[in-house]
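Start by looking at the structure.

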Amino acid sequence: MKNKLLIIQPQPFGELIDSYKWCEYLRGEYKITLLCQKGNGMLDMPDVKIKCIKSFGNRTVRGAIFVIFCMINILFFKGKIMVVHFEHCEIFKYIFHYKKMILDIRTLSISKNESIRQKQNSQIRNACKVFDIITVISEGVKNQINLPSKTFYILPLGADVISDVVKTYDELHLLYVGTFSGRDIDKTIKAMSCFHKKHSEIPLTYDVIGSGFNNEAENFKSMIKNLHIENIVTIHGRLPYNKLKPFFDKCNIGISFVPITDYYDDQPPTKTFEYIGSGLFTIATATNENKKIINNENGMLISDTVEDLANALYELYMKRFTIEDNMVRNSLKEYSWENIVNLKLKPILLTNY
């Protein structure tokens, strides 16, 4: 008989790649139920029971309804419970203090406002105090939470091979996948314009996939038009995980661009792993976490400026014949999602806590 596992997250299933992959590689051994809010592009998965509730009303109403929905399910559930952190999720432990629960931290606050960031991180720290054990995405996140009395496990990001198309690097076909909010993606677009003006003879395309909260996509489209690079840069909007393959097939360069700040330093970008796992040579800003991933075989580290990205493109083009697809892919082979689940997550779930 399979062990039972309840995963709770507010994001629609498939939007958070981590939990999607946990389910994919655990479903053979666990009878999984996942609670989430309903959303556009939500995915399904055989042998995983997805229970979702429709979101309506303002943020407070949506949150309250979701919490009540989860508490009803927790009440009648017998098995392991794993909560992907969201605001006020500690209420589950306060009410069901007799049930053992894991709290997973995928990210600390990335607000540009320091007071908001401190408040949100304080809330995360307080939530960690009441859960039985905590899993965190990186050692840096654990150190920032800094609760020596609690049991922490590192549950890192992984990457599956999205594309098995063998890459060559004689042309530059760039890909960015991720959020548009707070990432300074406008700088990457300006870098394309800067590079193209100097080296118009070099074939160049840039596909940008994602969404934001402040009309970024439309602003980017206006910028592209004003810079006259419509034939180079294309904004595609947000796409579900299972629609990304054609872009990973087409492109050979990944862009992992986050501002170099103290609040991004310890946040491993998901797509850095996915780019490299699919053979995309990756240009990444030099955050602490990217420094641990990027090496001469799989990418280049840059500062978070327009000029440095444009210069990196030219440097990459000049060394294009020295880059090998298999070297890129094999450089992070141990970070496959299958390995992460089998070697990291399964032992945590088997822990007596």
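A: Strands (E, at least two residues) and helices (H or I, at least four) are DSSP runs, numbered from the N terminus. Two strands pair if DSSP finds at least two bridges between them. This is a predicted model: local features need pLDDT of at least 70, side-chain atom pairs count only at pLDDT 80 or more, and totals for chains, interfaces and linings use all residues. Residues are numbered from 1 along each chain as its sequence is written, and side-chain values use heavy atoms, leaving out hydrogens and water.

Q: In what order do the six strands of the open sheet lie?

A: The order is β10-β9-β8-β11-β12-β13, with parallel pairing. At the edges are β10 (233–237) and β13 (299–302), each pairing on one side only.

Q: How many bridges join β8 to β11?

A: Two bridges link β8 (residues 172–177) to β11 (residues 253–256). L174 has I253 as its bridge partner in β11.

Q: Which helix packs on the sheet?

A: Contact means heavy atoms within 4.5 Å. Helix α11 (residues 306–318) touches β8, β11, β12 (281–285) and β13.

Q: Where is empty space left?

A: Rolling a probe the size of a water molecule over the atoms shows this. A cavity is a set of points, on a 1 Å grid over the protein atoms alone, where a 1.4 Å probe fits but cannot get out. Lining residues have an atom within 4 Å of a point. Here the search finds one cavity of 30 Å³ or more. The lining of the largest cavity includes P12, F13, R238 and Y241.

Technical notes:
Axes fitted to C-alpha atoms, helices over the stretch in contact; angles between N-to-C directions. 1 Å grid on protein atoms, 1.4 Å probe; cavity = no way out; pocket = protein on both sides within 12 Å on 5 of 7 lines; lining within 4 Å. Points joined across faces, edges and corners; volume = space filled by probe spheres on them.
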